[in-house]
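Please take a moment with the sequence and the three-dimensional view below. The paragraphs that follow are meant to be read alongside both.

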Amino acid sequence: MEDTIPVIDVENLSDQTEGKKLRDACEKWGCFRIINHSTPLTLMAEMKRVSEALLDLPVEIKKNNKDVIAGSGYKAPSDVNPLYEALGLYDLGSSQVMQDFCSQLNVTPYQRQVMEAYGKAIHELAVKIGEKMAESLGIFGADFEDWPCQFRINKYHFTPKAIGSLGVQLHTDSGFLTILQDDESVGGLEVVNQSGSFVSVPPFHGTLLVNLGDIAKVWSNGRFFNVKHRVQCKKAAIRFSIATFMLGPRKGNVEAPIEMVDHDHPRLYQPFVYEDFRKLRVSKKMHTGEALELLRLW
Ligand SMILES: O=C(O)CCC(=O)C(=O)O
Ligand SMILES: [Fe+2]
């Protein structure tokens, strides 16, 4: 079993070999780094600075960032995750939501401009990666344009005493795919490979990380791997990350397209609405993909 995360060249994805590499990465790892992703490095750096500034705001202001769906707003350090803090919004494509977020946190016009440019670039990238993932399975014309994205900026207060403890508990992402801009100098992210071993994901400047969530597994009728991951404190330094979660279809059911279903590959999951699934995960406290088992058809 290989023990390094695959690297996919986005510019090269019309090439068959790269497409096959993408499919392998989705099936065997459920996670991959992307290079040549066309998000400007300056925009990534500016977004990181905006994240730092917003998460450095006084806690009374951060608390104004309210949930729109469960868990979408401010998360203060808690007993379960004392090292972790986050701000966020749902959904990224709505200018009203962006407006609310910005007024809740006194975001400056310049910071707003950065967030909007970053949101647009990452959304386009998520749609493109989704399409390429579909094409790697032989599905052409899949359209993820209208799938809503949740956006979150994370801060990890890693101290000398915290080394060895977790910043974020083991989980799968609930949605289809996540585009993560992880910290370019402070590592700590670990993914579980197919043999069940933890593999470190070291920082890799200028790249982004794609994680596949539970919906990718359903959509591909069990072919894609919903990668379990966690964040561990490995050094005493503040760590930032910026996550964009492309969740599930805005309307209608999550279900594998018909091309994914045949005599040898019967439909594995009953069709469901993404929001119901998300609530099921929370109510059953099933954070590592177990909730999918409740929706298995056989
Ligand atoms: O901060 C990270 O590197 C990962 C965060 C994460 O897994 C999440 O927000 O779902
Ligand atoms: Fe995650």
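In this predicted model, an open sheet of 4 strands is arranged in the order 5-10-7-8, with antiparallel pairing; strands here are DSSP runs of E with at least two residues, helices are DSSP runs of H or I with at least four residues, and both are numbered from the N terminus, while two strands count as paired if DSSP finds at least two bridges between them. Strand 5 and strand 8 (198–200) stand at the edges of this sheet with a single partner strand each, so one side of each has no neighbour in the sheet. On average, neighbouring strands of the sheet are turned by 25° against each other, direction ignored, where the axes are lines fitted to C-alpha atoms (for helices over the stretch in contact) and angles run from 0 to 180 degrees between N-to-C directions. Within the sheet, strand 7 (residues 189–192) pairs with strand 10 in the antiparallel sense over 3 bridges, and Leu189 has Val231 in strand 10 as its bridge partner.

The iron ion (ligand 2) is coordinated by His171 (NE2), Asp173 (OD) and His229 (NE2), at 2.1 to 2.2 Å; donors are N, O and S atoms within 2.8 Å of the metal (3.2 Å for Na, K and Ca), and since water is not among the atoms, sites may look incomplete. Along the sequence, the donor residues of this iron ion follow the spacing H-x1-D-x55-H.

Elsewhere, strand 4 (residues 149–157) is mostly covered, with 8 of its 9 residues buried. Strand 4 runs antiparallel to strand 3 (residues 84–90), to which 7 bridges join it, and Leu87 stands opposite Ile153 of strand 4. Strand 4 is also joined by 9 bridges to strand 11 (residues 238–246), again in the antiparallel sense, and His157 has Ile238 in strand 11 as its bridge partner.

What remains is to look at charged side chains. The structure holds 19 salt bridges, each being a side-chain nitrogen of Lys or Arg within 4 Å of a carboxyl oxygen of Asp or Glu. One of them joins Asp24 and Lys20 (3.0 Å, N to O), which lie 4 residues apart in helix 1 (residues 16–29) and so are separated by about one helical turn; Asp24 is partly exposed at 23% relative accessibility, and Lys20 is partly exposed at 48%. In another, the closest N and O atoms of Lys132 and Glu135 are 3.5 Å apart, and because these residues are 3 residues apart in helix 5 (residues 109–136), about one helical turn separates them. Here Lys132 is buried at 17%, whereas Glu135 is partly exposed at 28%.

As for the conventions, residues are numbered from 1 along each chain as its sequence is written, and chains are lettered from A and ligands numbered from 1 in the order in which they are written. Local features need pLDDT of at least 70 and side-chain atom pairs count only at pLDDT 80 or more, while totals for chains, interfaces and linings use all residues, and side-chain values use heavy atoms, with hydrogens and water left out.

Terms used. Buried < 20%, exposed > 50% of the residue type's maximum accessible area, 1.4 Å probe, protein only.
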